[in-house]
Amino acid sequence: IVESVLIYKNKLEGPIRSSWMWHYDDNVYHQIKIMIYLNDVTDKTGAMQILKKEDGTSTKFLSSKISPNKTDKSKQLFGTSRLPEQFIKKQEVITISGKKGTFIIFDPNTPHRATLASNKETRLCVVFNLRPYHKNKNKKIDISTKTWSTLGNVKKFNTNMD
């Protein structure tokens with residue numbers, strides 16, 4: 001199911017925080033994200049970056065989420081899901097540039113970050129958060145049950161573009 005649809009406009013200048021730091025989302029297993037660039041994006045306009053291991057394979061972390069209300073922090077390699085510099089140095093940084101309409105499908109537990117733009121034009125994108133959903137046709141649905149959502153961790157920023 002589509003859990004959320006978020007629109008992001010990259011920052012032109014610091015401080016570097018939140019999505020602009022190397023991180024992984026610590027999302028539930030099998031969740032994926034689809035990012036679509038709404039304008040042409042280069043390394044100077046705030047392209048997304050991911051990390052790859054030296055052997056070319058993707059780096060991915062296990063989620064600490066084991067139920068809607070429970071996490072197992074011992075499963076987090078890095079306690080805050082922010083990556084230390086010594087870990088990043090051992091990885092290859094891949095910058096994903098592209099024309100308007102370029103889309104990126106990725107596991108949110110793959111290390112990634114937004115980059116600060118050095119041009120006045122900055123990246124504008126839409127991100128779809130998708131997660132698995134299974135409905136048992138033979139089981140009556142309890143409507144009082146809350147759905148499992150990661151949206152409680154979404155950061156809110158002022159949308160004033162002045």
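**Close-up views of a predicted protein model**

**View A. Strands S3 and S8 are paired antiparallel through two bridges.** Here a strand is a DSSP run of E with at least two residues, a helix is a DSSP run of H or I with at least four residues, and both are numbered from the N terminus. Two strands count as paired if DSSP finds at least two bridges between them. The model is predicted, so local features need pLDDT of at least 70 and side-chain atom pairs count only at pLDDT 80 or more, while totals for chains, interfaces and linings use all residues. Residues are numbered from 1 along each chain as its sequence is written, and side-chain values use heavy atoms, with hydrogens and water left out. In this pairing, Gln 49 stands opposite Arg 113 of S8. Both strands belong to an open, antiparallel sheet of three strands in the order S6-S3-S8. Its edges are strand S6 (92-96) and S8, each of which pairs on one side only.

View B. Read from the N terminus, the order of elements is β-β-β-β-β-α-β-β-β-β. Of the 162 residues, 38% are buried; buried means under 20% relative accessible area, exposed means over 50%, and partly exposed lies in between (1.4 Å probe, protein chains only). The accessible surface amounts to about 10700 Å², and carbon and sulfur atoms account for 55% of this area. Such areas come from the Shrake-Rupley method with a 1.4 Å probe, and for residues only the protein chains shown count as cover. Among contacts (heavy atoms within 4.5 Å) between residues at least 6 apart in sequence, 88% join residues at least 24 apart.

**View C. A second open sheet holds four strands in the order S1-S9-S2-S7, with antiparallel pairing.** At its edges are strand S1 (2-9) and strand S7 (103-106), each pairing on one side only. From one strand to the next, the twist averages 15°; axes are lines fitted to C-alpha atoms, for helices over the stretch in contact, and angles run from 0 to 180 degrees between N-to-C directions. Strands of a sheet pair through backbone hydrogen bonds, either parallel or antiparallel.

**View D. Strand S9 pairs with S1 and with S2.** Seven bridges link S1 and S9 in the antiparallel sense, with Val 5 opposite Phe 128 of S9. Ile 32 has Leu 130 as its bridge partner in S9, and Tyr 37 has Cys 125. How many of the seven residues of S9 are buried? Five of them are, so S9 is largely enclosed by the rest of the structure.

**View E. The largest nonpolar core is made of eleven residues.** A nonpolar core is a set of buried Ala, Val, Leu, Ile, Met, Phe, Trp, Tyr and Cys residues joined through side-chain atoms within 4.5 Å. The members are Met 35, Tyr 37, Val 41, Ala 47, Met 48, Ile 50, Ile 96, Ile 104, Phe 106, Cys 125 and Val 127. At least two residues of this core come from each of S2, S3 (48-52), S7 and S9. A second, separate core has eight residues, including Tyr 24, Phe 61, Phe 78 and Ile 88. In soluble globular proteins, nonpolar side chains tend to be buried together. Not counting residues up to four places away in sequence, Val 127 touches Ser 4, Val 5, Leu 6, Tyr 8, Lys 33, Ile 34 and Met 35.

**View F. Asn 109 lies in the loop between S7 and strand S8 (112-113).** Is Asn 109 buried or exposed? With a relative accessible area of 3%, Asn 109 is buried. Apart from residues up to four places away in sequence, its contacts include Tyr 24, Asp 25, Thr 59 and Phe 61. A polar atom of the Asn 109 side chain lies 2.9 Å from the backbone nitrogen of Asp 26. Asp 26 is in the loop between S1 and S2 and is also buried, at a relative accessible area of 5%. Although Asp 26 is not a glycine, its phi is positive, at about 55°.

**View G. Tyr 133 follows S9 in the chain.** Tyr 133 is exposed, with a relative accessible area of 53%. Tyr 133 and Ile 1 are 132 residues apart in sequence, yet their C-alpha atoms are 6.1 Å apart in space.

Key
Polar contact = N/O pair within 3.5 Å; in protein donor to acceptor, adjacent residues only side chain to side chain.
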